Amino acid sequence: MTTTTARRRYLTDEQVAAYQRDGYLAIPRLLEPERVDALRRVTDGFVERSRRVARSDSIFDLDPRHSAAAPVVRRIKNPADNDPLYLWVTLESPILDVVSELIGESIRFHHSKLNLKGSHIGAPVEVHQDAAFYPHSNDDVLAVGLLLDDATAQNGAMAVLPGSHRGPIYTHFDTQGRFVGCMRDEDIARLDRSGAVLLDLPAGSIHIHHYRLVHWSAQNTSPGERRLLINSYAAADAVNLAADSTGSPMYGRLLRGTPPAVVRRTAGDMPMPPDFSQGYNSIYEVQAEAAAAAAKM
């Protein structure tokens, strides 16, 4: 007779209910300091490599101020494809167990990215919803952010609007029909952001947000770094309705559970993003280009 070992449970019933109600969850210090230190060293190695790169490519999203002498990397793309420790976070760390407690045992991978907000120059991210970039057939889709540094108000910690995941997916196109990667000012003005929550957490913590949740982050005005490793997952029966923009061989891979026999659908319309299949650099570039275009008008 064989015996099975019960998987450790990371979340209480109250935490699961809070995620369903609020659309986000924070778990302080999920990973031990030694592991976080190792991730920082790997990340430093990638930034050092970026000195040999003059423009954004399949790995690096570079800030316009980037140079060999003073590298400024906004994002490391598909980190799970490019280093075994990043891959461990995606596949083997406790994160996948936490995700399964929120969206079920059958899970697909969507994408990974590592956002870097350098000291004093780290760019803000304007108010947006992830669902505007990659709508799915149902709403069991989320992103998990692992903090490699303490996140504070000064260094651009993420802010979320609790409960906004129960509202609509707002347009992320401007009035001229250009995809700008953020919500329109008039839609933001109609939201009551007085209840926004700043996810100021210590390094090694994770925060999880529903892909409909309205969120944003400020510029890093501090002398320290703010590096955030993000992995996005979906329930296996949630089918991506947009083209793959990641270019990752892991895109759509079933990580846990069994392939579904049916596709589960959420009622209502799903706004579609542009066709990113021919290339997509980052939300930073989309929002910066939109801001530059608006300044010329």
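Which residues line the largest cavity?

## The enclosed space

Keep in mind that this is a predicted model. The lining of the largest cavity is made up of Asp63, Val72, Val73, Arg74, Leu116, Gly118, Ile121, Gly122 and Ala123. Sorted by class, that gives 5 nonpolar, 2 polar and 2 charged residues. The volume of this cavity is about 40 Å³, and the count of cavities of 30 Å³ or more comes to 1.

The largest pocket holds about 730 Å³ of space. It has 39 lining residues, with Arg75, His111, Lys113, Tyr280 and Asn281 the closest to its centre. Strand β4 supplies the largest share of that lining, 5 residues. By class, the lining of the largest pocket splits into 13 nonpolar, 18 polar and 8 charged.

The second largest pocket has a volume of about 560 Å³. Of its 26 lining residues, Val180, Cys182, Gln287, Ala290 and Ala291 sit closest to the centre.

## Cores and a helix start

Now for the packing. The largest nonpolar core has 44 residues, and Leu142, Ile206 and Tyr233 have the most contacts inside it. Helix α5 (residues 94-103) gives the most to this core, with 6 residues. Another core lies apart from it, with 16 residues, including Ala131 and Ile169.

Helix α4 (residues 84-91) buries Leu85, Tyr86, Trp88, Val89 and Thr90. At its start, a side-chain oxygen of Asp83 comes within 2.8 Å of the backbone nitrogen of Leu85.

Definitions and conventions
Residues are numbered from 1 along each chain as its sequence is written. This is a predicted model: local features need pLDDT of at least 70, side-chain atom pairs count only at pLDDT 80 or more; totals for chains, interfaces and linings use all residues. Side-chain values use heavy atoms; hydrogens and water are left out. Buried means under 20% relative accessible area, exposed over 50%, partly exposed in between (1.4 Å probe, protein chains only). Helices (H or I, at least four residues) and strands (E, at least two) are DSSP runs, numbered from the N terminus. A polar contact is a pair of N or O atoms within 3.5 Å; within protein, one must be able to donate a hydrogen and the other to accept it, and residues adjacent in sequence count only if both atoms are side-chain atoms. On a 1 Å grid over the protein atoms alone, a cavity is a set of points where a 1.4 Å probe fits but cannot get out, and a pocket is an open set with protein on both sides within 12 Å along at least five of seven lines; lining residues have an atom within 4 Å of a point. Grid points are joined across faces, edges and corners, and a volume is the space filled by probe spheres set on the points. Ala, Val, Leu, Ile, Met, Phe, Trp, Tyr, Cys and Pro count as nonpolar, Asp, Glu, Lys and Arg as charged, and the others, Gly among them, as polar. A nonpolar core is a set of buried Ala, Val, Leu, Ile, Met, Phe, Trp, Tyr and Cys residues joined through side-chain atoms within 4.5 Å.
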